[in-house]
Structures are given as structure tokens and as C-alpha cells.
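Welcome! Take a look at the sequence and the model below, and then let's walk through them together.

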Amino acid sequence: MSTTPGNVSFPAAVPTLKTSGSFHIKPEWAVGDTRAHLPKWYVPAFFAVLVGSLALPSGRARIYTTMPIVLALVAMLPYHTEGTFKKDFDLGNLVLGWFLVYLSLVLTAPEKQFWKKDGRTLTPDQRQKELDGQPYLVKLAWSFGVWTNPRGIGWSHQVSGLRPAAPAGEPVCVKRWWGMVWHQFMRQVAHSGGLLLSRDMLKLPKGTSIARFIYLVGAFASTGFYHTIVTVYATGFRAGLNPCGDLQFFVLQAFGMFMEGWMIDLAIWSGHASNKQGWKAFGYIWWACWLGYSQLWYLDELRKAGLWDVDLKVLGYFGFSL
């Protein structure tokens, strides 16, 4: 058995014959997996249903018409495999990511949120009314644009800054990393989870340190639950409910980000925040050290499961090795 922070244990690997050039040892849960492969029409059909769902008129009819089909397609996933952890991991991320986006869209009014920039100053309600009055094929083309343009280039929801490096003169930090590189694509899921925990469940006063910390925990826990579901599927539901420690890793990022905020506030309060070049250099070091430490055991568990076929050694680094 191997352990990670929090004394979480994982199934030990069972040595098997390795294929030529392979470093991977087949885990115990992967032995004897007899699930069938998904039919070839599965992914194209899923995407067609998603695009077609937003092309229907907005309202409850759209939900009642498409939700049963989408749930049935998602329910097929646990009973099938693509043969390896990596393929199932990638497929699970794709399908469950689609499902979460579908829920966030179909349960709201996407016609009020997404439109191509055309220079007009219409209100969201006017945009929805205009789009609902268009022929089905026109709205189908709009839906295809929503699903295939997550960065919203040329659209009302266009985002920017999706790169790991900070603009000139600005320090890199854990918050900037997660905001620009990853959570831009899962911002709604993470934001909703944070508000649910801090505002709706615990009703913490907005703006306080404890409210910010609990918000961060809820936001990263939401992302962690998503990744946990993916790895549970990818391990065939045979390695427990937390096979790779996804939840611990993502919640740990909330602690790092909160601690980082306190350090920044302390530097400003003490009057030592004027040296921008020095703080930028320190920011790179802090960012690299934090992500390097917090990811090490998590990436090791993903490697053991079969996400990468590599043999790396990091000796004596906080008691973990790859």
C-alpha cells in the first residue's frame, strides 16, 4: 500500500510482465476488467445531442426533452472501457466535462449570455427574444459556436490571459496560475461550489478572511470531486472512491492560495511591496515550489494508475518518489 498526505491509502500494484519499452506495472484493479468497449457512435452522438439541445426553444421543454437522453448517455460510461486507464481518463474528462457544461447551460438561459459581437447594444432579454425567433438551423449554428468556442473569441464571453506567465512587471503566483491556466475553463463550476459552501450553506459574511478561505475550499473541492469521478470511472469502480487522491490535491490548492494571500497582505502592510522585480522573481520561485510539492504525490498516483508510461526518479523529496 502507498500513502499520501492525510493517510489515504491506495491499492498496491501487482507486478506483471512488462511489454517491451514499457515501465508501467499493471495495478491490481486493472486485472480481469471485462467491460465492453463503447460503440463508435457514442462520442459523435453525445456531441450532436448537446449541440441540438441548445438549438431548441429555451425553457422547460428543452430540459425535459434533452435531459433524459443526456443522462442515458452518461450512464453508459461506467459499464464500458477503452482498455487503458489513460484512454478512460481522457474519455471521462471529455464526457463529464461536457455534462457539467450542459447542466450549466440548459438550466439557465444561454441565449442571454452568449452571442457574437456585432456592435449592437441590445439587452440580454432582447438577445434571447431575437435568437428564439430565428429558424432552427440558424440557432443550431449558434449552438455549435457556443460548444466549440470555449474561450469565446469574437463572442460576448471572450476571455483573455490563458497563459502561465504573468504580464510584464506582474508577479506569478498560485492564484494567477489557477485563474489563467485551468479555472478559466471550469470557472462556473468552481465559483458555484465556492458560493454554495461559503454563502448558501454556512452563510458567512462576505469579505471576511474565513469567508474567503471557505469559498476557496468549496471552489477547489468542486474541481476535486469532478476529477475524482473521472478517476473512479477510469479505474473501473474497483479501486475505491478516491483512487488517486484528486480531492486532497485540489483542496490543498485552497490552502496554498489562502496562505499566499496572507503573505501578499503582510508585504503590503509592512511597506516591502515596492520592489516589483524582486517580488516577481520570488513569485516564480514560490509558484514553482508550491506546485512542485503539492503535485508530486498526486502525479505519482496517476502514473501508477497508468496515465503516463514513464520511469522517473526524484530522490528524497519530502519522502516521495516518482
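## Overall build

The protein has 10 helices and two strands, where helices (H or I, at least four residues) and strands (E, at least two) are DSSP runs numbered from the N terminus. Reading from the N terminus, the order of elements is β-β-α-α-α-α-α-α-α-α-α-α.

A word on the basis: this is a predicted model, in which local features need pLDDT of at least 70 and side-chain atom pairs count only at pLDDT 80 or more, while totals for chains, interfaces and linings use all residues. Residues are numbered from 1 along each chain as its sequence is written, and side-chain values use heavy atoms, with hydrogens and water left out.

## Aromatic pairs

The structure holds 13 aromatic pairs. Rings of Phe, Tyr and Trp (its six-membered ring) pair if their centres lie within 6.5 Å; planes under 30 degrees apart count as stacked, over 60 as edge-to-face and the rest as tilted. Phe47 and Phe144 form an edge-to-face pair, because their ring centres are 6.2 Å apart and their planes stand at 80°. This pair links distant parts of the chain, since Phe47 sits in α1 (residues 42-55) and Phe144 in α5 (residues 136-148), 97 residues apart. Phe47 is partly exposed at 22% relative accessibility, and Phe144 is partly exposed at 44%.

Trp297 and Tyr298 are edge-to-face too, with centres 6.3 Å apart and planes at 70°. Trp297 is buried at 2%, and Tyr298 is buried at 5%. One aromatic cluster is formed by Trp41, Tyr42, Phe46, Phe47, Trp98 and Phe144.

## Where α1 meets α5

The axes of α1 and α5 come within 8 Å and cross at roughly 125°. Axes are lines fitted to C-alpha atoms, for helices over the stretch in contact, and angles run from 0 to 180 degrees between N-to-C directions. The two helices, α1 and α5, are therefore oblique to each other: under 35 degrees counts as roughly parallel, over 145 as roughly antiparallel, 65 to 115 as roughly perpendicular and the rest as oblique.

How values were computed
Buried < 20%, exposed > 50% of the residue type's maximum accessible area, 1.4 Å probe, protein only.
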